[in-house]
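I opened the model today to look up a few residues and helix pairs. My notes follow.

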Amino acid sequence: MFDIVVRGGTVVTDGAERVADVGILDGRVAALGERLAGRRELDARGTLVLPGGIDPHVHLAYPQGPARVVSADDWQTGTIAAACGGTTTVIDFVEARADETWMAALAARRAEAEAAAAIDFGLHMTFHRTDPRSLAEVPEVIAAGVPSFKFYMAYDGLRLDDGELLAGFEALAAHGGLALVHAENHDVIRHLVAHHRRAGHTHAAFHPLCHPATGEAEATERALALAAIAGNPVHVVHVSAEAGLAALARARAGGQAATGEVCPQHLVLTDAVYAGADADLFAMAPPLRRDSDREALWAALRDGGLDFVVTDHCPFTRAQRRGQRRTPEFRRTPAGVQPTAPEEPWSATPPSFDRLPGGGAGIETRMALVHHFGVTAGRLSPSRFVEVTSAAAARRFGLYPRKGTLAPWADADVVLFDREREVAISAERLHQNVDHTPFEGLTVRGWPRTVLSRGELLVHDFEWVGSAGRGRFLARGPVAGLA
Ligand code: MN
């Protein structure tokens with residue numbers, strides 16, 4: 001007798017699709033079969049039964065930039081929103097302060113998440129300095145379950161130059177670490193921003209002009225070359241342009257086992273948004289690109305040139321964008337929306353394009369957008385959908401087969417995905433703690449109906465029924481053999 005039986009759905013795992021019952025015992029998948037008996041039954045007939053989504057690139061409660069504006073979703077609101085969208089695992093980042101060791105920052109971030117997260121989570125360490133003490137911490141950080149490190153090639157306070165990147169990559173090669181690279185050319189951005197500021201340009205429409213696709217491609221090529229020299233495995237985050245994709249494809253054709261990810265905003269939207277009244281809401285790096293880039297990204301996602309879809313979820317409310325608040329002015333919980341404490345504005349005038357907090361909301365809409373514009377539109381098979389929303393990220397980040405599949409012994413992270421459910425996307429109806437979404441007004445067909453995490457019901461018939469603070473830290477092993 002199982003604790004729960006998910007009855008009669010089409011079970012989709014990487015590579016296979018079949019109608020079966022899923023038997024769950026003690027929080028794990030115990031059996032796939034027919035006529036399984038359980039103390040509780042969930043009718044899955046007509047739905048796709050999927051391994052829970054994995055979003056390995058999110059920024060919850062992230063104090064961003066010199067102004068330290070804090071991204072509007074914290075570990076509680078953000079992981080509730082993730083679960084409502086069919087994602088049962090996230091991986092976020094640790095950014096150590098100057099006066100903090102990496103290990104101390106990791107412990108603090110982990111405790112913050114453990115107290116509030118509704119779903120399981122992992123962490124990446126941000127590799128933003130190469131002093132001897134930090135380099136000596138690399139094996140300790142990996143042993144603590146964090147084998148992946150984020151490198152920024154742009155942004156003051158975070159970026160490393162080429163020599164520093166190489167030193168960091170060598171440390172990872174020696175200890176089994178994976179480099180995640182934000183590939184943009186810092187000097188190109190700085191030069192173009194200075195040019196536009198001198199010309200008196202402040203509108204958000206100038207933001208994408210300062211982040212050209214060719215700069216992304218150049219940085220991608222350079223990062224891959226440095227990783228080839230150091231011999232460490234490398235993963236390119238948020239590939240957004242056809243030119244960046246081509247750099248990744250050349251490296252892979254040459255035998256480098258580099259991987260790449262893409263975000264829903266780059267698959268679904270284009271730079272046309274920067275002509276609109278809400279252009280500042282789309283300040284993100286990389287920016288939205290041309291329609292031809294969008295199509296190239298879909299083709300690569302279909303054919304394997306890109307490995308999986310992440311959100312880079314980093315929302316800011318309108319008031320935060322416009323310099324009136326550092327923290328969000330409300331907090332959305334399943335019980336309702338509550339105002340937060342008043343706050344002095346941090347900027348007297350709306351910030352110019354280069355001072356806007358950068359990032360967008362997407363943690364709740366990822367699965368539905370990839371399903372609608374991928375599967376419903378005929379670009380992806382259901383099994384490729386599972387691969388790019390769950391299985392491939394689980395493999396790359398050392399979570400497979402505990403996460404990313406539905407097989408005996410896997411955690412019972414299960415999504416009953418209703419392919420016919422139509423949803424008009426609006427910030428009002430979502431659980432994300434923000435007053436807009438980049439996908440406002442799009443109607444998608446297909447939405448997660450019921451979501452389990454380790455056998456616990458978090459979402460039932462589209463309603464949040466779970467609790468926060470139950471999410472567990474996922475310690476991951478070294479990533480040897482992936483260079
Ligand atoms: Mn990011």
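I began with the contacts of His 128. Leaving out residues up to four places away in sequence, His 128 touches Ala 96, Trp 102, Gly 157, Leu 158 and Leu 160. Contact means heavy atoms within 4.5 Å.

A note on the source: this is a predicted model, where local features need pLDDT of at least 70, side-chain atom pairs count only at pLDDT 80 or more, and totals for chains, interfaces and linings use all residues. Residues are numbered from 1 along each chain as its sequence is written, and side-chain values use heavy atoms, with hydrogens and water left out.

Where does His 128 lie? I found His 128 in the loop between strand E10 (120–126) and helix H3 (132–143). Helices (H or I, at least four residues) and strands (E, at least two) are DSSP runs, numbered from the N terminus. His 128 counts as buried because its relative accessibility is 15%. Buried means under 20% relative accessible area, exposed over 50%, partly exposed in between (1.4 Å probe, protein chains only). The His 128 side chain reaches the backbone oxygen of Ala 96 at 3.0 Å. That side chain of His 128 also reaches the backbone oxygen of Thr 126, at 3.3 Å.

Next I looked up Pro 56. Pro 56 is in the loop between strand E6 (53–55) and strand E7 (63–64). Pro 56 is buried, at 0% relative accessible area. Neighbours within four places in sequence aside, I listed its contacts: Ile 91, His 124, Phe 308, Val 310, Ala 393 and Phe 397.

Then I turned to the nonpolar cores. A nonpolar core is a set of buried Ala, Val, Leu, Ile, Met, Phe, Trp, Tyr and Cys residues joined through side-chain atoms within 4.5 Å. The largest has 95 residues, and Phe 169 is one of those with the most contacts inside it. Another core, of 17 residues, lies apart from it and includes Val 22 and Leu 457.

Helix H4 (residues 162–175) and helix H6 (residues 213–230) pack at about 45°, with axes 9 Å apart. Axes are lines fitted to C-alpha atoms, for helices over the stretch in contact, and angles run from 0 to 180 degrees between N-to-C directions. H4 and H6 are therefore oblique to each other. Angles under 35 degrees count as roughly parallel, over 145 as roughly antiparallel, 65 to 115 as roughly perpendicular and the rest as oblique. Phe 169 is among the H4 residues that meet H6, and Leu 226 is among those in H6.

Key. Polar contact = N/O pair within 3.5 Å; in protein donor to acceptor, adjacent residues only side chain to side chain.
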